[in-house]
Each structure stands twice: as C-alpha cells, then as structure tokens.
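Subject: Structure for you to look at

Hi,

Here is the structure I promised to pass on. Please open it and keep it on screen while you read my notes.

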Amino acid sequence: MELTSLINGHTVQKQISQEMTYKELYSSIDNIWSTLFMTGYLTQRGQVDSKTYELAVPNLEIRDIITTHVRNHFTMER
C-alpha cells in the first residue's frame, strides 16, 4: 500500500537509519526504506523528527523503475 502511495505521487513517513551497516541490512524488512533513501530512489520532502522523514519518489524515471520492479515481483509469484 505504501509503494502504491509513493507511485501515485504521495509521501510516506518512515524512520531512516543513516548509520546502517551491511550486516544490519537484512535484519528487518523496514531497512528497505533506509536503503532506498540512501541510494537515491527516495528523497526527503520533510522531516517529522530526528529520524523520521517524509519520503517521496524523486522523479518519473525512478517511479517507472519502482513500478516495473513491483509489477515483475507480483507477476513472478503467480
């Protein structure tokens, strides 16, 4: 649901860990948000507190990449 919101141009509020190590990457599914933010697939549109950010897809190119990956993921699971 949150990915759909992002693809539709909205923002999501997520806690971001900018000190995350590679070892921690797979410790929680929530770490995907930090990874997407730190790699530029999501950008900051606001800040709620010291660790919680308003995140958005930065441009149409990234939106298309995310849409394609999500679509491929659900198509392959059938």
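Which strands does H2 lie across, and at about what angle does H2 run to S1? H2 lies across S1, S2 and S3. Its angle to S1 is about 105 degrees. Bear in mind that this is a predicted model.

Start with the sheet. It is open and has 3 strands, in the order S1-S3-S2. The pairing is antiparallel. S1 and S2 are the edge strands, as each pairs on one side only. From one strand to the next, the twist averages 45 degrees.

Now take the pairs one at a time. S1 and S3 run antiparallel and are joined by 4 bridges. Find Gln13: its bridge partner in S3 is Glu54. S2 and S3 also pair in the antiparallel sense, over 4 bridges. Here, Gln47 stands opposite Tyr53 of S3. A hairpin of 4 residues links S2 to S3. As a reminder, strands of a sheet pair through backbone hydrogen bonds, either parallel or antiparallel.

Next, turn to H2, which spans 31–38. Which residues of H2 are buried? They are Asn31, Trp33, Ser34 and Phe37. Seen down the axis of H2, these buried residues fall within an arc of 155 degrees, so they line one face of the helix. There is a general rule to recall here. An α-helix has 3.6 residues a turn, so residues three or four places apart point the same way.

What do the buried residues of H2 pack against? Their partners are helix H1 (2–7), strand S1 (12–15), strand S2 (43–47) and S3. Just after H2 comes Gly40, which takes a positive phi of about 90 degrees.

Last, the core. The largest nonpolar core has 11 residues. Trp33 and Phe37 are among them.

Best wishes

Conventions. Residues numbered from 1 in each chain as written. Predicted model: local features only at pLDDT ≥ 70, side-chain atom pairs only at ≥ 80, totals over all residues. Heavy atoms only, no water. Core = buried A, V, L, I, M, F, W, Y, C linked by side-chain atoms within 4.5 Å. Buried < 20%, exposed > 50% of the residue type's maximum accessible area, 1.4 Å probe, protein only. Helix = DSSP H or I, 4+ residues; strand = E, 2+ residues; numbered from the N terminus. Arc of directions from axis to C-beta. Contact = heavy atoms within 4.5 Å. Pairing = 2+ DSSP bridges. Axes fitted to C-alpha atoms, helices over the stretch in contact; angles between N-to-C directions.
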